[in-house]
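Hi everyone, thanks for coming. Please have a look at the model on the screen, and I'll walk you through a few parts of it.

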Amino acid sequence: MAIAEPAGLGKTEDLRARLSLEPAARVYLYAGDFSYQDGVDILTEALITVCRTDERAHFVLVGSGELRGMVEEVVLGAGLRARCCLPGDLSAGDFANFLAA
């Protein structure tokens with residue numbers, strides 16, 4: 001199950017609206033391999049803690065890998081779907097839009 005689709009991201013303003021980001025939202029971005037080597041399992045546990053303590057926190061996790069399914073399950077199980085976006089692998093232009101958002 002995909003939590004977000006990368007197709008047609010559009011402008012920065014459109015992306016913020018699609019992600020339901022308030023102007024005061026704190027956006028944390030991860031870009032890399034979804035693997036134990038890159039620590040995405042630890043990041044997943046940390047994002048749960050951050051979201052529980054900071055209602056303005058939103059996460060964008062860009063990339064793919066062996067642990068993507070596990071990350072999606074943990075995010076959904078923690079009830080954080082609205083605060084976590086997993087768009088998969090992105091083109092350079094789409095990644096730049098996420099950075100700007």
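This is a predicted model: local features need pLDDT of at least 70, side-chain atom pairs count only at pLDDT 80 or more; totals for chains, interfaces and linings use all residues.

Let's start with what covers the buried residues of helix H3: the cover includes H2, S2 and S3. Contact here means heavy atoms within 4.5 Å. Residues are numbered from 1 along each chain as its sequence is written, and side-chain values use heavy atoms, with hydrogens and water left out.

Which residues of H3 are buried? They are Arg68, Val71, Glu72 and Val75. Buried means under 20% relative accessible area, exposed means over 50%, and partly exposed is in between, using a 1.4 Å probe and protein chains only. Looking down the axis of H3, you would find its buried residues within an arc of 100 degrees, so they line one face of the helix. That arc is taken from the directions from the helix axis to the C-beta atoms. On the face turned away from the buried side, H3 carries the exposed residues Glu73 and Gly77. Just after H3 comes Gly79, with a positive phi of about 70 degrees.

A salt bridge is a side-chain nitrogen of Lys or Arg within 4 Å of a carboxyl oxygen of Asp or Glu. Both partners lie in H3, four residues apart, about one turn of the helix.

Now for the core. The largest nonpolar core has 15 residues, and among those with the most contacts inside it are Phe34, Leu47, Phe59 and Val71. Such a core is a set of buried Ala, Val, Leu, Ile, Met, Phe, Trp, Tyr and Cys residues joined through side-chain atoms within 4.5 Å. H2 (40-53), S2 (57-62), H3 (68-77) and S3 (84-88) each give two or more residues to this core. H2 supplies the largest share, four residues. Apart from this core lies another, of ten residues, including Leu19 and Val60.

By the rule used here, there are two salt bridges. Arg26 lies in strand S1 and Asp54 in the loop between H2 and S2, so the pair ties together parts that are 28 residues apart in sequence. Asp54 is buried at 14% relative accessible area, while Arg26 is partly exposed at 38%.

Finally, the rings. Rings of Phe, Tyr and Trp (its six-membered ring) pair if their centres lie within 6.5 Å; planes under 30 degrees apart count as stacked, over 60 as edge-to-face and the rest as tilted. There are two aromatic pairs by that rule. Tyr28 and Phe59 are stacked, 4.9 Å centre to centre with 20 degrees between the planes. Tyr28 sits in S1 (residues 26-31) and Phe59 in S2, so this pair ties together parts 31 residues apart in sequence. The centres of the Tyr30 and Phe34 rings are 6.1 Å apart and their planes lie at 65 degrees, so that pair is edge-to-face. Both Tyr30 and Phe34 are buried.
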